[in-house]
Amino acid sequence: MKNLIKRAFSKFFKENPSSLSTKALKRASKMEKPRAGTPHDWEDYEKYLKEFEKNGNK
């Protein structure tokens with residue numbers, strides 16, 4: 001997914017490096033452990049990790 005986002009938005013990243021939307025796309029492309037958030041955020045993160053492990057083992 002990271003490579004797909006980078007390829008799709010590479011021109012946008014170069015033209016608007018400091019815009020709020022560019023920063024949001026960069027943060028979205030890096031799936032990191034949430035520092036804070038609602039229980040739903042943590043559930044989504046755990047679900048992502050399980051799916052990543054399933055797809056990574058194939």
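Reader: What share of the chain is made up of buried residues, and what makes a residue count as buried?

Author: In this predicted model, buried residues make up 9% of the 58 residues in the chain, and a residue counts as buried because its relative accessible area is under 20%. The chain exposes about 5500 Å², and carbon and sulfur atoms supply 55% of that area.

Reader: How do you know that the span of H3 is close to the expected one?

Author: From its first C-alpha to its last, H3 reaches 25 Å, whereas 26 Å is expected at 1.5 Å a residue; the two values are set side by side, and the span is therefore called close to the expected one.

Reader: Which elements does the chain have, and in what order do they run?

Author: The chain has three helices and zero strands, and from the N terminus on its elements run α-α-α.

Reader: How do you know which element has the highest confidence and which the lowest?

Author: The mean pLDDT of each element decides it, with H3 the highest at 85 and helix H1, residues 2-15, the lowest at 70. The chain as a whole averages a pLDDT of 76, and 84% of the residues score at least 70.

Reader: What makes up the lining of the largest pocket, by residue class?

Author: The lining divides into nine charged residues, four nonpolar and no polar. Helix H2 (20-29) and helix H3 (39-56) each supply at least two residues of the lining, and about 270 Å³ of space lies in the pocket.

Notes: Residues are numbered from 1 along each chain as its sequence is written. This is a predicted model: local features need pLDDT of at least 70, side-chain atom pairs count only at pLDDT 80 or more; totals for chains, interfaces and linings use all residues. Side-chain values use heavy atoms; hydrogens and water are left out. On a 1 Å grid over the protein atoms alone, a cavity is a set of points where a 1.4 Å probe fits but cannot get out, and a pocket is an open set with protein on both sides within 12 Å along at least five of seven lines; lining residues have an atom within 4 Å of a point. Grid points are joined across faces, edges and corners, and a volume is the space filled by probe spheres set on the points. Helices (H or I, at least four residues) and strands (E, at least two) are DSSP runs, numbered from the N terminus. Ala, Val, Leu, Ile, Met, Phe, Trp, Tyr, Cys and Pro count as nonpolar, Asp, Glu, Lys and Arg as charged, and the others, Gly among them, as polar. Buried means under 20% relative accessible area, exposed over 50%, partly exposed in between (1.4 Å probe, protein chains only). Accessible areas come from the Shrake-Rupley method with a 1.4 Å probe; for residues, only the protein chains shown count as cover. pLDDT is the predictor's confidence in each residue, from 0 to 100.
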